[in-house]
Amino acid sequence: MRVIWAMARVVILELIRRKDFYVLFTLAAVLTLLAGSVNIFDDRQIARYVVELNYLLVMISSLVIAITTTARQIPSEFEQRTILSLLAKPVSRAQVLAGKLLGAWVACGLCLVVFYAFLMLLTYSKQHGLGLPLLVQAAWLHWIMLGVVIGMALAGSLVFAAPSSNATICLVVVVGLLGVGRYLDKLALSAAEPLQSLLLAAYYALPHLEFFDLRELLIHHWPPVKWWAVGLATLYGLGYMALCYGLSCWLFQRKRMQ
């Protein structure tokens, strides 16, 4: 575990030194404050629109940070030829992947703490204070969802040579899962064979990222979700993380070292 944490720290420090997070956070904060400063017909419901906009910006920023941070980890080790010296030490390939996965996940968690703290301060300033239990649940499930996305990006980095192509494909897949993933079963009912079977197989095999999205509950001041439901969603996300990690290990074992 000490070896895995040592490599995870390198990933966390790399994200702190890079400008990605600072640029995205500043952009999200400026856009949200500009939207919050607009007073349309003295509408008191403007706070809900501000929360919705800020949550959308947090979602986009966190996905970009998670995917781009993970997508460049393994390719950069090959490009800088440090992977051979790393594996020459008493470190297994599975430990390397575990360190990369854990580091990217923890780094994204730290970014989420800052994003959600800003969201909480913003809503309280607009007298639209969010319930703390629901905010904690939203942040927790958001972090679990990023773990699934990081697992997908890690597996993709062992298939696609260029980090840019991996990041682009992962971003398209994640947006597709969030947008139409929940409707694949309904689309299958109106499709003919064999497309119907393919859509149903995709519906049951692909992760349902919408399980981790509490945006509507936050915007409309709904009560917190039952904690047992949060626990089930957590186990569901961790299961997909484990599957992606296992697939990454399998791909890494078969990758040729040059």
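User: Is Lys100 buried or exposed?
Analyst: A quick reminder that this is a predicted model. Lys100 is found in helix α6, residues 93-125. Its relative accessible area is 6%. The cut-off for buried is under 20%, so Lys100 is buried.

User: Which side chain makes a polar contact with the side chain of Lys100?
Analyst: Leaving aside neighbours within four places in sequence, Lys100 is in contact with Val11, Gln73, Ile74, Glu77 and Leu154. One of these contacts is polar and runs from side chain to side chain, at 3.4 Å. The partner there is Gln73.

User: The side chain of Ser76 reaches the backbone oxygen of which residue?
Analyst: Ser76 sits in helix α4, residues 73-79, and counts as partly exposed at 23% relative accessibility. Its side chain comes to 2.8 Å from a backbone oxygen. That oxygen belongs to Arg72.

User: Are the rings of Trp105 and Trp143 stacked or edge-to-face?
Analyst: The count of aromatic pairs comes to 7. Among them, Trp105 and Trp143 have 4.1 Å centre to centre and 10° between the planes. Planes under 30 degrees apart count as stacked, so the description of this pair is stacked.

User: Which helices hold Trp105 and Trp143?
Analyst: The pair ties together parts that are 38 residues apart in sequence. At 14% relative accessibility, Trp105 counts as buried. Trp105 lies in helix α6, while Trp143 lies in helix α7.

User: What kind of pair do the rings of Tyr236 and Tyr240 form?
Analyst: These two residues are 4 apart in helix α12 (residues 227-253), which separates them by about one helical turn. Tyr236 is partly exposed at 23%, whereas Tyr240 is buried at 14%. Their ring centres are 5.1 Å apart with the planes at 65°, so the pair is edge-to-face.

User: Which residues do ring pairs link into a cluster with Tyr236 and Tyr240?
Analyst: Tyr236 and Tyr240 form a ring pair themselves. Ring pairs also bring two phenylalanines into the cluster.

User: What is the area of the nonpolar surface patch made by Val159, Phe160, Ile169 and Val173?
Analyst: Val159 is placed in the loop between α7 (132-157) and α8 (163-180). Val159 is exposed, with a relative accessible area of 53%. Together with Phe160, Ile169 and Val173, Val159 makes a nonpolar patch of about 300 Å².

Key:
Residues numbered from 1 in each chain as written. Predicted model: local features only at pLDDT ≥ 70, side-chain atom pairs only at ≥ 80, totals over all residues. Heavy atoms only, no water. Patch = residues over 30% accessible without salt bridge, like charges linked within 9 Å, V, L, I, M, F, W, Y side chains within 5 Å. Areas by Shrake-Rupley, 256 points an atom, 1.4 Å probe, with all protein chains shown as cover. Salt bridge = Lys/Arg side-chain N within 4 Å of Asp/Glu carboxyl O. Buried < 20%, exposed > 50% of the residue type's maximum accessible area, 1.4 Å probe, protein only. Polar contact = N/O pair within 3.5 Å; in protein donor to acceptor, adjacent residues only side chain to side chain. Contact = heavy atoms within 4.5 Å. Phe/Tyr/Trp six-rings, centres within 6.5 Å; stacked < 30°, edge-to-face > 60°.
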